[in-house]
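Hi,

Here is the structure I promised to pass on. Please have a look, then read my notes below.

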Amino acid sequence: MTIFDEYDSHKGEYAISPSLLWEYDLSHFDWWNSRKVVVQRILERGWLKDFFAAFDLYGGISGFREIIKEVPRLSPRE
């Protein structure tokens, strides 16, 4: 069992914390074209609710994992 096992019971409940993307104007933010930035910020600083929101946005846990492969730099911890 992992902390992500609860995702199914929380689908659609959360939004990504604006504080993770503080330097962007989120009213005109392209969530798909900026997916690598979003995923990297969530991995580095996100709460569980941010992960769940990103799963909703990017096609579930498997979609999120695919985007992780596109992120150019991640620390070993992430």
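What percentage of the 78 residues of the protein count as buried? The answer is 33%. Please keep in mind that this is a predicted model.

Overall fold first. The protein has three helices and zero strands. From the N terminus, the order is α-α-α. The radius of gyration is 12 Å, close to the 12 Å that the globule rule gives for 78 residues, so the protein is as compact as a globular protein of that length. Along the principal axes, the C-alpha atoms fill a box of roughly 35 × 30 × 20 Å. Of the contacts between residues at least 6 apart in sequence, 64% join residues at least 24 apart.

Now the inside. The largest nonpolar core holds 18 residues. Those with the most contacts inside this core are Ile-16, Val-38, Val-39, Ile-42 and Phe-64. At least two core residues come from each of α1 (35-45), α2 (48-57) and α3 (60-68). The largest share, five residues, is from α2.

Take α1 next. Its buried residues are Arg-35, Val-38, Val-39, Arg-41, Ile-42 and Leu-43. They pack against α2 and α3. Beyond its neighbours within four places in sequence, Ile-42 touches Ile-16, Leu-20, Asp-50, Phe-51, Ala-54 and Phe-64.

Last, the surface and the charges. The protein exposes about 5,400 Å², and carbon and sulfur atoms supply 53% of that area. There are 10 positive and 13 negative side chains. The centres of these two sets lie 6 Å apart.

Best wishes

Terms used:
Residues are numbered from 1 along each chain as its sequence is written. This is a predicted model: local features need pLDDT of at least 70, side-chain atom pairs count only at pLDDT 80 or more; totals for chains, interfaces and linings use all residues. Side-chain values use heavy atoms; hydrogens and water are left out. A nonpolar core is a set of buried Ala, Val, Leu, Ile, Met, Phe, Trp, Tyr and Cys residues joined through side-chain atoms within 4.5 Å. Buried means under 20% relative accessible area, exposed over 50%, partly exposed in between (1.4 Å probe, protein chains only). Helices (H or I, at least four residues) and strands (E, at least two) are DSSP runs, numbered from the N terminus. Contact means heavy atoms within 4.5 Å. The radius of gyration is taken over C-alpha atoms; the globule rule is 2.2 Å times the number of residues to the power 0.38. Accessible areas come from the Shrake-Rupley method with a 1.4 Å probe; for residues, only the protein chains shown count as cover. Lys and Arg count as positive and Asp and Glu as negative; His and the chain ends are not counted. The place of a charge is taken as NZ of Lys, CZ of Arg, CG of Asp or CD of Glu.
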